[in-house]
Amino acid sequence: MARITFIKVLTLTAAALTLTSFASSADTPDAFVGTWVLNTAKSTCDPPPAPKSHTFRIAKVKGGAFHETIDLVEGDGTKTHIDFITARDGKFVAVTGSGYADSVSVKQVDPKSFKYAFKKAGKPIESGTFIVSEDGKTMQGSLSGKDAEAAWKCNWVSERQQ
């Protein structure tokens, strides 16, 4: 009888641990959700100048998608606002609020990284990868593109805002 009780306890404990791990993974916040602000002192662009500011806001929305907004002030003072909702499945979706791009593709690589690409009139104009640090406080982005003047490449470091 003691053996049956011991087996029941082991079975119940294993079931409880399994359910707890499922609940924990479902409740785990997305590493990217929040507001990220570019640290201009730690970021570089070739050719310069790097942007004066870049604020990236990511919020989870109903159905598991993400609402993302980007506010950018270029080195020359040009302002850009980009707004979109993505499932992070790699499919291109419409971008609003911007003359810079008209669509974006975002693909989740793993829980702490994603790749993206912007298009304008069907032509690729920018792409890159963003990775959140293990402590969740910084996000690094390696991005590149080509405009009417030249090709460019940037390495950005953004910090999570509280």
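**The largest pocket and its lining**

Author: The lining of the largest pocket divides into 25 nonpolar, 4 polar and 7 charged residues (nonpolar: Ala, Val, Leu, Ile, Met, Phe, Trp, Tyr, Cys, Pro; charged: Asp, Glu, Lys, Arg; polar: the others, Gly among them). The model is predicted, and totals for linings use all residues, while local features need pLDDT of at least 70 and side-chain atom pairs 80 or more. Residues are numbered from 1 along each chain, and side-chain values use heavy atoms, without hydrogens and water.

The volume of this pocket is about 830 Å³ (a pocket is an open set of points on a 1 Å grid where a 1.4 Å probe fits, with protein on both sides within 12 Å along at least five of seven lines; lining residues have an atom within 4 Å of a point). Its lining counts 36 residues, and those closest to the centre are Leu 72, Glu 74, Tyr 100, Asp 147 and Trp 152. Two or more lining residues come from each of β3 (53-60), β4 (66-73), β5 (79-86), β7 (103-110), β8 (113-120), β9 (123-132), β10 (138-146) and β11 (151-161) (strands are DSSP runs of E, at least two residues). The most come from β11, which gives 4 residues.

Strand β11 also holds Cys 154. Cys 154 and Cys 45 form a disulfide with their sulfur atoms 2.0 Å apart (the cut-off is within 2.5 Å), and the structure holds 1 disulfide. The link of Cys 45 and Cys 154 is right-handed, with 110° about the S-S bond. Cys 45 lies in strand β2 (residues 44-46) and Cys 154 in β11, so the pair ties together parts 109 residues apart in sequence.

Notes:
Points joined across faces, edges and corners; volume = space filled by probe spheres on them.
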